[in-house]
Amino acid sequence: MAAKRSMITFATDPETKERIRSYAEAAGVDVSTYVMAAVGAAMAHDDQVARTFAPLDDLIAETEAQDATTGRPPKEHGQDSVPDTEREEISASLDAFFGSSTRHRGVA
């Protein structure tokens, strides 16, 4: 017995439709088969990315949970704890290295 099938409909501009049709023809398959193969490849890629980053995602979740148990909010992007004196030393070192007195990105 054949598996039940369901239809998906999507819209695109005529040029893209023609490109898809020509690629499918070049591959020797119908448009539906070609699109489903492309969708399958994209989903496999997304699954691989998720597996690759899962340990990092777990580490982030663990760190956020630790911050929640200590009562300290997680640091916001751009927030740091570098004392002003150390920031000035870093800036002076960068100025000496680059021969400039301009402020450097990420340093005060």
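User: Where in helix 2 does the kink lie?
Analyst: Bearing in mind that this is a predicted model, helix 2 has a kink of about 50° at Ala 54, shortly before the proline Pro 55.

User: And what is the reach of helix 2, end to end?
Analyst: Its 40 residues reach 56 Å from the first C-alpha to the last, which is close to the 58 Å expected at 1.5 Å a residue.

User: How do the axes of helix 1 and helix 2 cross?
Analyst: The axes of helix 1 (residues 14-27) and helix 2 (residues 31-70) come within 9 Å and cross at roughly 95°, so helix 1 is roughly perpendicular to helix 2.

User: Which residues make that contact?
Analyst: Helix 1 contributes Ile 20, Arg 21, Tyr 23, Ala 24 and Ala 27, while helix 2 contributes Val 31, Tyr 34 and Val 35. By class, this contact of helix 1 with helix 2 has 7 nonpolar residues, no polar ones and 1 charged residue.

User: Switching topic, what caps the N-terminal end of helix 1?
Analyst: Asp 13 does, with a side-chain oxygen 3.2 Å from the backbone nitrogen of Glu 15. At the start of helix 2, a side-chain oxygen of Asp 30 reaches to within 3.0 Å of the backbone nitrogen of Ser 32.

Key. Residues are numbered from 1 along each chain as its sequence is written. This is a predicted model: local features need pLDDT of at least 70, side-chain atom pairs count only at pLDDT 80 or more; totals for chains, interfaces and linings use all residues. Side-chain values use heavy atoms; hydrogens and water are left out. Axes are lines fitted to C-alpha atoms, for helices over the stretch in contact, and angles run from 0 to 180 degrees between N-to-C directions. Helices (H or I, at least four residues) and strands (E, at least two) are DSSP runs, numbered from the N terminus. Angles under 35 degrees count as roughly parallel, over 145 as roughly antiparallel, 65 to 115 as roughly perpendicular and the rest as oblique. Contact means heavy atoms within 4.5 Å. Ala, Val, Leu, Ile, Met, Phe, Trp, Tyr, Cys and Pro count as nonpolar, Asp, Glu, Lys and Arg as charged, and the others, Gly among them, as polar. The expected span of a helix is 1.5 Å times one less than its number of residues. The bend at a residue is the angle between axes fitted to the seven residues ending there and the seven starting there. A polar contact is a pair of N or O atoms within 3.5 Å; within protein, one must be able to donate a hydrogen and the other to accept it, and residues adjacent in sequence count only if both atoms are side-chain atoms.
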